[in-house]
Amino acid sequence: MTDIAHNLARVQERIAQAALRVGRDPAEVTLVAVAKTFPAPAVVAAYQAGLLHFGENRVEEAGTKIPAVHAVIPDDPPTWHMVGHVQSRKARAVVAHFDCVHSVDRLKVARRLSRFAQEAGRTLPVLLECNVSGEEAKFGFALPGWQRDAARRNAFFAAVEQILALPALAVHGLMTMAPLVADPEEVRPVFASLRGLLDTLRERFPAQDWRHLSMGMTDDFEVAIEEGATMVRIGRAVFGPRSD
């Protein structure tokens, strides 16, 4: 587990350098360590090295891992982020286990999360997942070319308006997944597009707190930070290679 502390220090250094290159405060960027497939002891080791935010992709895995971590760290547990696709039938479990959700990608799942959060007597912070790259395999509101496509843009705004009106949800920004490419510079336009979309939403819905851009992973997080990311979702660079 000593490698985790070393890896974390290196990632934090790279985050700081990327932020400073564009005149940003590194403290504006939250590192969410994606612990998918890694066991609870790895999360505890990362927590002990200073990490406070962890992400999971799968509800079933989180359902056993999160309680195991909390059993070791009962007094001040980490913050848990759901960063994977949310199936409607698993929305109740997502509300039960996670502190926030990055991947609200349709009105139906927003309604279910709202319902279960209301039943639980809590407000659930969420981000809206947007597919601005146009990749068919990606989840998210379909928004390729949103700047030029008024119909697509207005349909999204209509959905956003309905989501903002739901009780027990607090929409705090946007999330995207960029295509996997050899050169991270190739996905810079994807991150810039999401930042532009967030700026547009701030103008359209000025009363909302559009504070977060969740974008960037192990292979491209530095470019994402240069383009305005406030959350980066990093697994391999912190925990090492996955077995799956």
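This is a predicted model: local features need pLDDT of at least 70, side-chain atom pairs count only at pLDDT 80 or more; totals for chains, interfaces and linings use all residues.
Residues are numbered from 1 along each chain as its sequence is written, and side-chain values use heavy atoms, with hydrogens and water left out.

Helix α7 spans residues 188-204; helices here are DSSP runs of H or I with at least four residues, strands are runs of E with at least two, and both are numbered from the N terminus. The 17 residues of α7 reach 24 Å from the first C-alpha to the last, close to the 24 Å expected at 1.5 Å a residue. That expected span is 1.5 Å times one less than the number of residues. Buried positions of α7 include Val190, Leu194 and Leu198, where buried means under 20% relative accessible area, exposed over 50% and partly exposed in between, with a 1.4 Å probe and protein chains only. The buried residues of α7 pack against β5 (124-131), α6 (150-164), β7 (169-175), β8 (212-214) and α8 (221-226).

Phenylalanine 191 belongs to α7 and is buried, with a relative accessible area of 1%. Leaving aside residues up to four places away in sequence, Phe191 touches Thr176, Ala178, Met215, Gly216, Asp220, Val223, Ala224 and Glu227; contact means heavy atoms within 4.5 Å. Threonine 176 is 15 residues from phenylalanine 191 in sequence and 8.0 Å away in space, C-alpha to C-alpha.

Two packed helices are described by the angle between their axes and the distance between the axes. For α6 and α7, the angle is about 60° and the axes are 12 Å apart. Axes are lines fitted to C-alpha atoms, for helices over the stretch in contact, and angles run from 0 to 180 degrees between N-to-C directions. The two helices α6 and α7 are therefore oblique to each other, given that angles under 35 degrees count as roughly parallel, over 145 as roughly antiparallel, 65 to 115 as roughly perpendicular and the rest as oblique.

A second pair is formed by α2 (residues 40-48) and α3 (residues 59-72), whose axes come within 9 Å and cross at roughly 50°. Helices α2 and α3 are therefore also oblique to each other. Their contact is made by Ala40, Val43 and Val44 of α2 with Lys65, Ala68, Val69 and Val72 of α3. Alanine 71, also in α3, is exposed, with a relative accessible area of 63%.
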